[in-house]
Amino acid sequence: MRTAASASAVVRPAIIIIRRTRANNAACSGVGSGRAVSVMQYSVFLEGSVVNDSQHLLEVVVAGDEGSSRLDRVLATRCPELSRSRLKVLILDGRVAIAGSAVRDPAYHASPGETITIDVPPPVAPEPEGEAIALQIVHEDDDIIVIDKPRGLVVHPAAGHETGTLVNALIAHCGASLSGIGGVRRPGIVHRLDKDTTGLMVAAKNDRAHQSLSAQFADHGRTGELRRGYYAFVWGVPNRARGTIEAPIDRHPYAREKMAVRDGGREAITHWEVLETFTGRSGGEIVSLIACQLETGRTHQIRVHLAHMGHPLLGDDVYGPHFKTKASQLRPPARAALTDLGRQALHAYLLVVEHPSSGEVVAWESGLPADLARLKAALSATE
């Protein structure tokens, strides 16, 4: 730790669903915000038969008038109690079957007359439990903990990721001090990184620290000292050395798991600067290493903004799928390193905050993780 002064960032069958509720501190079939809600149990009467309630099985017969034949959309129309994202997770987990066989493709075209069986898991406790997950701790005191997040670590529990998250790890490491801070689903968390983005994160260990950090992140450094810096390896070379992207971000109109630059979206500002460029097989510049600083904190902001600028992140299959063919222009070592990377090339290298207790401006930096260091070395190689 050092002071900022020394730091250089979703059939209409003959179906009736009878709901019986009982107050419980569990979320509806694992869905929801984690608040104390009623658990929905189902007895499904389908053409005179009752589906086994204790197994939480639902049956739907495709009528053909659902508006779409996609499996996830048919189920979203006929099972409004389950969100589309929850249904997608159930499909991918093999819990949705037709004629006794699991169908794991949400885009499967369901035919009229087909009977779809959904095996809904029992409710799960809304409050995460501690898990002994190794953390790379950069700094820790009575108020805050700063970690260098590895790739693959989800920050807080969500559908499909109820365990094995940073929250589970923090609960185990910090103990009772996190209780109630920021809500039971994300205790102590004031910001997050995508699952496969690496780098620095800070979490609060008590109410005072949570209030202070929350205010700093809400301000995004406009009037305070907060800074968040990211290293990004992108396709191509911008036409100038530095700049600012001011483009509002909202949910993608069709692909709801994605974000997009859209009129009417939330304000989003990213400052960027080219640090280094790399040549490909032909000798022309093909990749840039860019440093980004966030002035706002929207979901996928850097990934969306850089793709909007025409320079998506290397390895980003969500926002840069059309750039995959560019890999053929890399030299063999760099092409191999990119294949091995298997994630977006983004790392949170800088974090500057005002300490909640002392008021001191403190900063931490994180060098490139091993996979990005290998990529950079391979991009730099001339043979």
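This report describes the nonpolar cores, selected helices and a few individual residues of a predicted model.

## Nonpolar cores

The largest nonpolar core of the model holds 28 residues, and those with the most contacts inside it are Leu166, Leu170, Tyr230, Cys292 and Leu306. Two or more residues of this core are given by each of the strands β10 (144-149), β11 (198-204), β12 (227-235), β16 (269-279), β17 (285-294) and β18 (346-354), and likewise by the helices α3 (166-174) and α5 (301-308). The largest share, 4 residues, comes from α3. Apart from this core lies another one, of 19 residues, which includes Leu75, Cys79, Ile118 and Val120.

Leu166 has contacts with residues from several parts of the sequence: leaving aside residues up to four places away, it touches Leu135, Ile147, Leu153, Val154, Val155, Ile189 and Met201.

## Helix α3 and its ends

Within α3, the buried residues are Leu166, Val167, Asn168, Ala169, Leu170 and Cys174. The cover over these buried residues includes β9 (137-140), β10 and β11.

At the start of α3, a side-chain oxygen of Thr165 comes to within 3.3 Å of the backbone nitrogen of Val167. After the helix comes Gly175, which has a positive phi, near 80°.

## Helix α1

Helix α1, which spans residues 71-78, is mostly covered, with 6 of its 8 residues buried. The buried residues are Leu71, Asp72, Val74, Leu75, Ala76 and Arg78, and what covers them includes β5 (57-61), α2 (84-92), β6 (96-98) and β8 (115-119).

Helix α6 (residues 332-341) packs with helix α7 (residues 370-380) at an angle of about 160°, and their axes are 8 Å apart. Because angles over 145 degrees count as roughly antiparallel, α6 is described as roughly antiparallel to α7. The crossing of α6 past α7 is left-handed.

On the α6 side, the residues that meet the partner helix are Pro333, Ala334, Ala337, Leu338 and Leu341, while on the α7 side they are Asp371, Leu372, Arg374, Leu375, Ala378 and Leu379. Ala377 also lies in α7, and its relative accessibility of 49% makes it count as partly exposed. Although Ala377 and Pro333 are 44 residues apart in sequence, the distance between their C-alpha atoms is 9.1 Å.

## Ser288 in strand β17

Ser288 is located in strand β17 and counts as buried, because its relative accessibility is 0%. A polar atom of its side chain lies 2.7 Å from the backbone oxygen of Gly236. With residues up to four places away in sequence left out, Ser288 touches Ala232, Phe233, Val234, Gly236, Val237, Pro238, Glu276, Thr277 and Phe278.

## Two histidines with positive phi

His220 is not a glycine, yet it has a positive phi of about 60°. This residue is in the loop between α4 (207-219) and β12, and at 14% relative accessibility it counts as buried.

His300, also a residue other than glycine, has a positive phi near 60°. The loop that holds His300 runs between β17 and α5, and with a relative accessible area of 17% His300 is buried.

How values were computed
Residues are numbered from 1 along each chain as its sequence is written. This is a predicted model: local features need pLDDT of at least 70, side-chain atom pairs count only at pLDDT 80 or more; totals for chains, interfaces and linings use all residues. Side-chain values use heavy atoms; hydrogens and water are left out. A nonpolar core is a set of buried Ala, Val, Leu, Ile, Met, Phe, Trp, Tyr and Cys residues joined through side-chain atoms within 4.5 Å. Buried means under 20% relative accessible area, exposed over 50%, partly exposed in between (1.4 Å probe, protein chains only). Contact means heavy atoms within 4.5 Å. A polar contact is a pair of N or O atoms within 3.5 Å; within protein, one must be able to donate a hydrogen and the other to accept it, and residues adjacent in sequence count only if both atoms are side-chain atoms. Axes are lines fitted to C-alpha atoms, for helices over the stretch in contact, and angles run from 0 to 180 degrees between N-to-C directions. Angles under 35 degrees count as roughly parallel, over 145 as roughly antiparallel, 65 to 115 as roughly perpendicular and the rest as oblique. A crossing is left-handed if the near helix is turned anticlockwise from the far one by less than a right angle, and right-handed if clockwise.
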